[in-house]
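This report covers the fold, the surface and the packing of one model. Please look at the sequence and structure first.

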Amino acid sequence: MAEHNPLESLIERVLTASRWVLAPFFLGLALGLLILLIKFMQELYHLAIVALTVTEAEAILGVLSLVDLALTGALVLIVIFSGYENFVSRIDQTRARDWPSWMGSIDFTALKIKLLGSIVAISAIQLLKQFMAVKNTSDRDLWWSAGIHLVFVVSSVLLALSDRLSAGHVEPEGKETAPRSDGSTGRH
């Protein structure tokens, strides 16, 4: 048996425990959800008050603002749960009857894809809002918004492609790959 260095053991325990430093970040994000809820209710209230007097385009812009806030809230929720479960600790699902099936099943790769997908959706809504208010938006602002949205879309596609390509080369431990035509499994 190899000797176990007490200093190494202490360092490993400290590093393992340091993951709990992230917990306040996730609690802060939960409070951020409350702020988003307040802004959502404020937007909904303003939209409801003027609903009978606004134009169709203004109503659509108002609803798009609500969708934007809802998507942002969902994005924060994804970050809270999957970040906590991936980096801090598992959440005990046995006590919650209404536990959503996706919680606890999102790994880091899926989290990145979902985050970028949400960011692309939010960016698309912002771009659509600017196109709906094209009379009040400069060409320069439209081009910048479209360019930024395109960067998000291309980044998402490239990330998904790279994750798919790397997943094809990584084999889970303990699983054999299908035999090649020469009879080998490809494992070293």
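In which helix does Ser123 lie? Ser123 lies in helix H4, which covers residues 108-132. Helices (H or I, at least four residues) and strands (E, at least two) are DSSP runs, numbered from the N terminus.

The model is predicted: local features need pLDDT of at least 70, side-chain atom pairs count only at pLDDT 80 or more, and totals for chains, interfaces and linings use all residues. Residues are numbered from 1 along each chain as its sequence is written, and side-chain values use heavy atoms, with hydrogens and water left out.

Ser123 counts as buried because its relative accessibility is 11%; buried means under 20% relative accessible area, exposed over 50%, and partly exposed in between (1.4 Å probe, protein chains only). Contact means heavy atoms within 4.5 Å.

| Residue | Residues in contact |
|---|---|
| Ser123 | His149 and Phe152 |
| Val76 | Leu29, Leu33 and Leu36 |

Val76 also belongs to the largest nonpolar core, together with Phe26, Leu36, Leu69, Ile80 and Val88. Helix H2 (23-49) and helix H3 (56-87) each give two or more residues to this core, and H3 supplies the largest share, 3 residues. A nonpolar core is a set of buried Ala, Val, Leu, Ile, Met, Phe, Trp, Tyr and Cys residues joined through side-chain atoms within 4.5 Å.

The protein chain has 5 helices and 0 strands. Of its 188 residues, 21% count as buried. Among contacts between residues at least 6 apart in sequence, 61% join residues at least 24 apart.

Technical notes
Lists of a residue's contacts leave out its neighbours within four places in sequence.
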